[in-house]
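This briefing is for a reader meeting the structure for the first time.

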Amino acid sequence: MRTVSRGLPLLAGALAIAYPWLVPNYYLVYAGALTVMYAAMSTSWNLLGGFTGYVSLGHSAFFGLGAYGTGLLVVRLDVPWLVALPVSALLVTLFATGVGIAAVRVRGASFVIVSIALVSMMNLVVQGWRSLTGGSTGLQVPSPFPGLHRGQTHLVFFYLFLVLLGVALLAWWQISRSRFGAGLRAIREDEDKAESLGVPTAAYKVAAFALSALFVALAGGLYALWFGSLDPIFVFSILIGSSMVLMSLLGGVRHLLGPLLGALIVAPAGEYFLIALGETQIHLTATGLVLVLVVLFMPEGILAGFARRRAGPSIPDESADQRLQGASS
């Protein structure tokens with residue numbers, strides 16, 4: 001059984017790599033790239049939400065800033081995209097560090113409100129600064145692969161997003177096994193007690209916030225290079241942040257592959273409803289409804305429920321006191 005469980009990730013990785021060559025048309029390659037992009041972003045969001053329990057609906061601000069940062073460096077300064085992408089992501093990470101220092105001072109609903117306000121603020125700034133960003137008309141970013149037709153571009157970005165997803169999963173796994181991860185889980189269980197035992201809670205929360213923003217910004221930069229046309233209303237949409245939360249909660253925020261599983265369900269379903277219902281707001285309402293249902297009836301996600309059924313009687317997890325002692329020792 002252990003051999004089978006170890007082989008499943010390898011099989012899943014092989015299927016993911018082969019996916020573009022197994023589907024019959026480039027539209028399904030596009031849908032696959034979109035799904036992998038959301039999987040990478042929800043896994044990145046889970047570096048904050050899954051470990052600390054802080055729910056941010058404003059991560060689309062970092063997605064949008066990563067997209068516009070990469071696009072502006074390419075368009076305005078003629079920086080090669082391979083340089084513009086990491087430079088933009090690092091700048092967004094520095095910005096997120098500053099925001100995090102202020103944002104993590106509040107908790108619960110107040111933190112959610114602060115994260116939403118951040119998205120609205122960035123949207124207004126980008127739309128108002130027309131001389132730089134193009135305002136509400138958006139920004140046109142040239143393709144980094146002008147010799148490829150659109151379908152081939154989908155193929156290239158499928159693999160670029162797949163690499164980003166792999167790095168985000170590796171980061172989550174490494175953190176989960178580290179003292180830093182133990183401190184973050186202690187914050188999730190009892191932040192006041194963690195602080196009283198010497199865990200540097202503020203520094204840990206800011207670090208998780210910034211690292212999460214880094215990966216989301218990279219996804220935004222890749223999106224800008226992939227689509228080539230940036231609409232501030234979309235890239236700074238609260239819907240993107242809500243989708244990250246929904247995918248993570250649906251799959252299971254306390255599991256490495258939880259956000260990935262949620263993305264594999266939500267992203268294709270959203271694309272299907274968008275095609276079936278057209279350019280209406282009904283699919284947005286459906287997304288909100290699903291988020292409410294997940295929070296009410298599946299707060300621990302699919303993987304937690306599956307593990308509980310498979311194991312039968314629940315086995316006690318590492319206690320909060322053990323986490324606190326491990327993080328502070």
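In this predicted model, Asn-123 has a relative accessible area of 14% and is therefore buried, the cut-off being under 20%. Asn-123 belongs to helix H5, which spans residues 108–128.

**Around Asn-123**
- Neighbours within four places in sequence aside, Asn-123 contacts Pro-232, Ile-233 and Phe-236.
- Phe-236, not counting residues up to four places away in sequence, touches Ser-60, Ala-61, Gly-64, Leu-65, Tyr-68, Val-119, Met-122, Asn-123 and Val-126.

**Nonpolar core**
- The largest nonpolar core has 89 residues.
- Phe-236 is among the members that touch the most others, together with Met-37, Tyr-38, Met-41, Phe-62, Phe-63 and Leu-230.
- Helix H9 (residues 201–227) supplies the largest share of this core, with 16 residues.

**Aromatic rings**
- The model holds 20 aromatic pairs.
- One of them joins Phe-157 and Trp-226, which are stacked with 6.3 Å between centres and 20 degrees between planes.
- This pair links distant parts of the chain, as Phe-157 is in helix H7 (residues 150–176) and Trp-226 is in helix H9, 69 residues apart.
- Phe-157 and Trp-226 are both buried.
- Both also belong to one aromatic cluster, whose members include Tyr-27, Tyr-30, Phe-63, Trp-81 and Phe-227.
- Arg-150 sits over the face of Phe-227, 5.9 Å from the ring centre.

Terms used: Residues numbered from 1 in each chain as written. Predicted model: local features only at pLDDT ≥ 70, side-chain atom pairs only at ≥ 80, totals over all residues. Heavy atoms only, no water. Core = buried A, V, L, I, M, F, W, Y, C linked by side-chain atoms within 4.5 Å. Buried < 20%, exposed > 50% of the residue type's maximum accessible area, 1.4 Å probe, protein only. Helix = DSSP H or I, 4+ residues; strand = E, 2+ residues; numbered from the N terminus. Contact = heavy atoms within 4.5 Å. Phe/Tyr/Trp six-rings, centres within 6.5 Å; stacked < 30°, edge-to-face > 60°. Lys NZ or Arg CZ within 6 Å of the ring centre and 35° of its normal.
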